[in-house]
Amino acid sequence: MWKLKVAEGQGPWLYSTNNFVGRQIWEFDPDAGTPEEREAVEKARDDYRKNRSRVRPCGDVLMRMQLKMENSNIDLSIPPVRLGETEQVNYEAVTTALKKAIRLSCAIQSKDGHWPAENTGPHIYTPPMDICRLAE
């Protein structure tokens, strides 16, 4: 099973002045994970193979699954907000959607504080919201 290693470094040629913060590498271990985790990974790989043309480049499902498991103390059970075509947007719907988005953003943050992903746009603006979330 592939496992994302964050902020780790070994070897005589590696040197870091910041303790490898932000460094990310993928490592393969065929015996890693529980049978349920390996089954979930295989399901994600099958979904990717079937829907390859519709998958976004930044939708790294394996990374997100791993980070959500590592950050399991964050409650992601908020139901999605669905508004009909004629429904008005209200304060409660916006607050719920924002809480869900911020919690997801916190859940996919790595232990060294960065978001290991290919997308950068949304993450320029969301860290202040994460900081506000901590004060909540």
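Q: What makes two aromatic rings a pair in this predicted model?
A: Rings of Phe, Tyr and Trp, the last taken by its six-membered ring, count as a pair if their centres lie within 6.5 Å. In this predicted model, a search of the whole structure finds 1 aromatic pair, formed by Trp2 and Phe28 at 5.2 Å centre to centre.

Q: Why is the pair of Trp2 and Phe28 called tilted?
A: The planes of Trp2 and Phe28 are 55° apart, and because stacked requires under 30 degrees and edge-to-face over 60, the angle falls in the remaining class, which is tilted. The pair links distant parts of the chain, with Trp2 in strand E1 (residues 2–6) and Phe28 in strand E2 (residues 24–28), 26 residues apart.

Q: What separates Arg45 and Glu42 along helix H1?
A: Arg45 and Glu42 are separated by about one helical turn, because they are 3 residues apart in helix H1 (residues 35–50). The closest N and O atoms of their salt bridge are 3.1 Å apart, which is within the 4 Å limit.

Q: Why does Arg103 count as buried, and what is its salt-bridge partner?
A: Arg103 has 14% relative accessibility, and because buried means under 20%, Arg103 counts as buried. Its side chain meets that of Asp75 in a salt bridge (3.7 Å, N to O). Arg103 is in helix H3 and Asp75 in the loop between helix H2 (61–70) and H3, 28 residues apart, and Asp75 is partly exposed, with a relative accessible area of 39%.

Q: How do you know that the span of helix H3 is close to the one expected?
A: Helix H3 (residues 91–107) has 17 residues and reaches 24 Å from its first C-alpha to its last, close to the 24 Å expected at 1.5 Å a residue. Its buried residues include Ala93, Ile102 and Arg103.

Conventions. Residues numbered from 1 in each chain as written. Predicted model: local features only at pLDDT ≥ 70, side-chain atom pairs only at ≥ 80, totals over all residues. Heavy atoms only, no water. Helix = DSSP H or I, 4+ residues; strand = E, 2+ residues; numbered from the N terminus. Expected span 1.5 Å × (residues − 1). Buried < 20%, exposed > 50% of the residue type's maximum accessible area, 1.4 Å probe, protein only.
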